[in-house]
Amino acid sequence: RAASKQCLRPHALRVPPPAELLGEDMRARMARAPLLLLATPGGAPLPNVLAEYATSTAAGDSQAEPCMLIVGPEGDLTDEEKEAVLAAGATPVGLGKLRLRAETAAVAMLSA
């Protein structure tokens, strides 16, 4: 709360508790997300995907669920996890030519 107040955020940042990626709760969250992005090598450049989304009608829906960004752990997600996330409707996005650490990839996605 103190950090949000110091940054002049109008509301506190909501970070849900950890969830099993292939669990029912996470699958339901992925299904509700208007934009589901999976950071993966070879994906479309993130700025291009975001620009396309911004021009879509869904981007203007203020009642939509929060977008979801998925970054794998060090060593990446398993093939089964990637397939499940993509099957849930995720768009694979690339974050450049370099391999990023998980925490750096998350910050890179949030800053785009």
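**Entry 1: ground rules**

Contact, for me, means heavy atoms within 4.5 Å. My helices (H or I, at least four residues) and strands (E, at least two) are DSSP runs, numbered from the N terminus.

This is a predicted model, where local features need pLDDT of at least 70 and side-chain atom pairs count only at pLDDT 80 or more, while totals for chains, interfaces and linings use all residues. Residues are numbered from 1 along each chain as its sequence is written, and side-chain values use heavy atoms, with hydrogens and water left out.

**Entry 2: the whole chain**

I found five helices and three strands in the chain. Reading along the sequence, I wrote down the pattern α-α-β-α-β-α-β-α. The C-alpha trace spans about 40 × 30 × 30 Å along its principal axes.

I then looked up the radius of gyration (taken over C-alpha atoms; the globule rule is 2.2 Å times the number of residues to the power 0.38). A compact globule of 112 residues would have a value near 13 Å, and the chain has 15 Å, which agrees. Of the contacts with a separation of 6 or more, 75% are between residues 24 or more positions apart.

**Entry 3: the sheet**

In what order do the strands of the sheet come? I read β2-β1-β3, an open sheet of three strands with parallel pairing. Two strands pair if DSSP finds at least two bridges between them. Three bridges join β1 to β2, and L37 has L69 in β2 as its bridge partner. β2 and β3 (91-94) are the edge strands, each pairing on one side only. From one strand to the next, the twist averages 50°.

Now the helices that cross it. α4 lies across β1, β2 and β3 and runs at about 115° to β1. Helix α3 (residues 46-54) lies across β1 and β3, at about 135° to β1.

**Entry 4: helix α2**

Which residues of α2 (residues 24-32) are buried? I got M26, R29 and M30. Buried means under 20% relative accessible area, exposed over 50%, and partly exposed in between (1.4 Å probe, protein chains only). Seen down the axis of α2, these buried residues fall within an arc of 100°, so they line one face of the helix. That arc is the one of the directions from the helix axis to the C-beta atoms. E24 and A31, on the other side of α2, are exposed. The buried residues pack against β1 (36-45), β2 (68-70) and α4 (79-87).

I stopped at R29, an arginine in helix α2. R29 has a relative accessible area of 18%, so it counts as buried. Leaving out residues up to four places away in sequence, R29 touches P16, P17, A19 and M68.

**Entry 5: the cores**

A nonpolar core is a set of buried Ala, Val, Leu, Ile, Met, Phe, Trp, Tyr and Cys residues joined through side-chain atoms within 4.5 Å. The largest one has 11 residues, including M26, M30, L36, L38, M68, I70, V85 and A90. α2, β1 and β2 are the elements that give two or more residues to this core. A90 touches L36, L38 and V85, again not counting residues up to four places away in sequence. I also found a second, separate core of eight residues, with L35, L46, Y53 and V93 among them. Over the whole chain, 27% of the 112 residues count as buried.

Definitions and conventions
Axes are lines fitted to C-alpha atoms, for helices over the stretch in contact, and angles run from 0 to 180 degrees between N-to-C directions.
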